[in-house]
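Okay, everyone, thanks for coming.

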Amino acid sequence: MADINVKRVKSSEIEFKDRLVSINRVTKVTKGGRTFSFSAIVVVGNENGIVGYGLGKAKEVTSAIAKGIDDAKKNLVKVPILKGTLPHEQTGKYSGANVFLKPAAPGTGVIAGGAMRAVLESVGVRDVLAKSKGSSNPHSVVKATINALVQLKDPYMVSQLRGIELSKVFNG
(Lines give C-alpha, C1' and ligand atoms only; values in the text may rest on other atoms or scores of the structure.)
Protein backbone atom coordinates (compact mmCIF):
# COMPACT_ATOMS: atom_id res chain seq x y z
CA MET A 1 0.00 0.00 0.00
CA ALA A 2 2.84 2.41 -0.75
CA ASP A 3 0.65 4.31 -3.19
CA ILE A 4 0.46 8.09 -3.47
CA ASN A 5 -3.34 7.76 -3.56
CA VAL A 6 -3.54 6.20 -0.06
CA LYS A 7 -5.12 8.54 2.45
CA ARG A 8 -4.49 7.44 6.02
CA VAL A 9 -7.19 8.40 8.51
CA LYS A 10 -7.06 8.85 12.29
CA SER A 11 -9.66 6.82 14.19
CA SER A 12 -10.58 9.50 16.75
CA GLU A 13 -14.06 11.11 16.68
CA ILE A 14 -15.38 8.69 14.01
CA GLU A 15 -18.12 6.13 14.78
CA PHE A 16 -17.19 2.71 13.40
CA LYS A 17 -19.14 -0.48 12.81
CA ASP A 18 -17.12 -3.67 13.02
CA ARG A 19 -17.71 -6.86 11.06
CA LEU A 20 -16.15 -10.19 11.91
CA VAL A 21 -14.82 -11.86 8.77
CA SER A 22 -13.51 -15.11 10.19
CA ILE A 23 -12.33 -16.86 13.35
CA ASN A 24 -9.65 -19.53 13.21
CA ARG A 25 -8.90 -21.95 16.04
CA VAL A 26 -5.23 -22.84 16.23
CA THR A 27 -3.92 -25.81 18.22
CA LYS A 28 -0.44 -26.05 19.66
CA VAL A 29 0.50 -29.51 20.92
CA THR A 30 2.81 -29.40 23.94
CA LYS A 31 4.11 -31.92 26.45
CA GLY A 32 1.17 -31.11 28.73
CA GLY A 33 -1.49 -31.53 26.02
CA ARG A 34 -3.17 -29.32 23.46
CA THR A 35 -3.28 -25.54 23.81
CA PHE A 36 -6.00 -23.74 21.85
CA SER A 37 -5.83 -20.15 20.72
CA PHE A 38 -7.93 -18.08 18.33
CA SER A 39 -7.20 -15.63 15.56
CA ALA A 40 -9.90 -13.26 14.29
CA ILE A 41 -9.97 -11.07 11.17
CA VAL A 42 -12.10 -7.97 11.70
CA VAL A 43 -13.09 -5.20 9.28
CA VAL A 44 -14.15 -1.77 10.61
CA GLY A 45 -15.68 1.08 8.68
CA ASN A 46 -17.92 4.12 9.02
CA GLU A 47 -19.96 3.15 5.92
CA ASN A 48 -18.96 6.48 4.37
CA GLY A 49 -15.65 5.84 2.62
CA ILE A 50 -13.37 4.84 5.50
CA VAL A 51 -12.36 1.22 6.07
CA GLY A 52 -9.64 -0.79 7.80
CA TYR A 53 -8.86 -4.40 8.69
CA GLY A 54 -7.10 -6.02 11.60
CA LEU A 55 -5.97 -9.37 12.94
CA GLY A 56 -6.30 -10.26 16.61
CA LYS A 57 -4.89 -13.34 18.33
CA ALA A 58 -5.71 -14.47 21.87
CA LYS A 59 -6.59 -17.47 24.07
CA GLU A 60 -10.30 -16.52 23.99
CA VAL A 61 -12.55 -15.54 21.08
CA THR A 62 -13.85 -12.29 22.61
CA SER A 63 -10.39 -10.91 23.38
CA ALA A 64 -9.15 -11.95 19.90
CA ILE A 65 -12.03 -9.98 18.33
CA ALA A 66 -11.33 -6.96 20.59
CA LYS A 67 -7.65 -7.02 19.59
CA GLY A 68 -8.65 -7.29 15.93
CA ILE A 69 -10.89 -4.22 16.22
CA ASP A 70 -8.07 -2.23 17.86
CA ASP A 71 -5.67 -3.31 15.10
CA ALA A 72 -8.20 -2.41 12.39
CA LYS A 73 -8.61 1.12 13.78
CA LYS A 74 -4.86 1.63 13.30
CA ASN A 75 -5.00 0.69 9.58
CA LEU A 76 -7.70 2.97 8.17
CA VAL A 77 -7.80 4.21 4.57
CA LYS A 78 -10.14 6.61 2.72
CA VAL A 79 -11.91 5.32 -0.40
CA PRO A 80 -13.71 7.45 -3.02
CA ILE A 81 -17.39 6.46 -3.29
CA LEU A 82 -19.70 8.07 -5.83
CA LYS A 83 -23.51 7.77 -5.52
CA GLY A 84 -23.30 4.55 -3.51
CA THR A 85 -21.01 2.76 -5.97
CA LEU A 86 -17.42 2.82 -7.18
CA PRO A 87 -16.13 5.42 -9.67
CA HIS A 88 -14.66 2.80 -12.05
CA GLU A 89 -13.71 -0.87 -12.48
CA GLN A 90 -10.69 -2.03 -10.50
CA THR A 91 -8.71 -5.18 -9.84
CA GLY A 92 -6.76 -5.93 -6.70
CA LYS A 93 -4.22 -8.58 -5.82
CA TYR A 94 -2.66 -9.86 -2.65
CA SER A 95 -0.69 -13.11 -2.54
CA GLY A 96 -2.87 -15.75 -4.26
CA ALA A 97 -6.12 -13.77 -4.14
CA ASN A 98 -7.32 -11.70 -7.10
CA VAL A 99 -10.46 -9.56 -6.87
CA PHE A 100 -12.42 -7.66 -9.51
CA LEU A 101 -14.73 -4.79 -8.58
CA LYS A 102 -17.20 -3.24 -11.02
CA PRO A 103 -19.61 -0.34 -10.42
CA ALA A 104 -23.30 -1.20 -10.64
CA ALA A 105 -26.59 0.63 -11.26
CA PRO A 106 -28.60 1.83 -8.24
CA GLY A 107 -30.69 -0.96 -6.72
CA THR A 108 -28.27 -3.75 -7.67
CA GLY A 109 -26.98 -4.31 -4.13
CA VAL A 110 -23.65 -5.77 -3.05
CA ILE A 111 -23.02 -8.81 -5.26
CA ALA A 112 -19.96 -10.20 -3.50
CA GLY A 113 -19.06 -13.20 -1.42
CA GLY A 114 -17.89 -13.66 2.15
CA ALA A 115 -14.83 -11.61 3.03
CA MET A 116 -15.31 -9.17 0.12
CA ARG A 117 -18.89 -8.44 1.19
CA ALA A 118 -17.75 -7.48 4.72
CA VAL A 119 -15.17 -5.02 3.35
CA LEU A 120 -17.50 -3.47 0.75
CA GLU A 121 -20.39 -3.05 3.20
CA SER A 122 -18.06 -1.51 5.81
CA VAL A 123 -16.75 1.06 3.32
CA GLY A 124 -20.33 2.06 2.45
CA VAL A 125 -20.71 0.75 -1.11
CA ARG A 126 -24.38 -0.09 -1.77
CA ASP A 127 -24.24 -1.19 -5.43
CA VAL A 128 -21.31 -3.20 -6.76
CA LEU A 129 -20.53 -6.33 -8.74
CA ALA A 130 -17.50 -8.19 -7.40
CA LYS A 131 -15.69 -11.40 -8.22
CA SER A 132 -13.00 -13.15 -6.23
CA LYS A 133 -10.59 -15.30 -8.21
CA GLY A 134 -7.78 -17.49 -7.01
CA SER A 135 -7.31 -18.05 -3.30
CA SER A 136 -10.39 -17.97 -1.07
CA ASN A 137 -8.31 -17.49 2.09
CA PRO A 138 -10.13 -14.71 4.02
CA HIS A 139 -6.83 -12.99 4.99
CA SER A 140 -5.75 -12.67 1.36
CA VAL A 141 -9.23 -11.77 0.03
CA VAL A 142 -9.64 -8.93 2.57
CA LYS A 143 -6.19 -7.54 1.75
CA ALA A 144 -6.76 -7.85 -2.01
CA THR A 145 -10.13 -6.05 -1.71
CA ILE A 146 -8.58 -3.19 0.30
CA ASN A 147 -5.75 -3.08 -2.28
CA ALA A 148 -8.34 -2.63 -5.06
CA LEU A 149 -10.25 0.05 -3.12
CA VAL A 150 -7.05 1.99 -2.40
CA GLN A 151 -6.23 2.11 -6.13
CA LEU A 152 -9.57 3.79 -6.98
CA LYS A 153 -9.24 7.34 -8.29
CA ASP A 154 -11.61 10.09 -7.21
CA PRO A 155 -13.39 11.52 -10.31
CA TYR A 156 -13.24 15.07 -8.87
CA MET A 157 -9.43 14.85 -8.57
CA VAL A 158 -9.12 13.37 -12.09
CA SER A 159 -11.23 16.18 -13.58
CA GLN A 160 -9.07 18.82 -11.84
CA LEU A 161 -5.81 17.17 -12.95
CA ARG A 162 -6.95 16.90 -16.56
CA GLY A 163 -8.55 20.35 -16.54
CA ILE A 164 -11.93 19.17 -17.86
CA GLU A 165 -15.41 19.19 -16.32
CA LEU A 166 -16.63 16.30 -14.19
CA SER A 167 -19.32 15.18 -16.68
CA LYS A 168 -16.61 14.17 -19.21
CA VAL A 169 -14.76 12.08 -16.63
CA PHE A 170 -17.78 10.40 -15.06
CA ASN A 171 -21.09 10.36 -16.89
CA GLY A 172 -23.57 9.60 -14.16
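Predicted model: local features only at pLDDT ≥ 70, side-chain atom pairs only at ≥ 80, totals over all residues.

Residues are numbered from 1 along each chain as its sequence is written, and side-chain values use heavy atoms, with hydrogens and water left out.

So, helix H4, residues 155–162. Helices here are DSSP runs of H or I with at least four residues, strands are E runs of at least two, and both are numbered from the N terminus. Which residues of H4 are buried? Pro 155, Val 158 and Ser 159. Buried means under 20% relative accessible area, exposed is over 50%, and partly exposed is in between, with a 1.4 Å probe and protein chains only. Looking down the axis, those buried residues sit within an arc of 100°, so they line one face of H4; the arc is taken from the directions from the helix axis to the C-beta atoms. They pack against helix H5, 166–169, with contact meaning heavy atoms within 4.5 Å. On the other side of H4, Gln 160 and Leu 161 are exposed.

Now the loops. Most residues other than glycine have a negative phi. Glu 47, though, has a positive phi of about 60°; it's in the loop between strands E2 (33–45) and E3 (50–58). Ser 95 also has a positive phi, near 55°, and lies between strands E5 (90–94) and E6 (97–103). Glu 47 is partly exposed at 31% relative accessible area, while Ser 95 is exposed at 55%.
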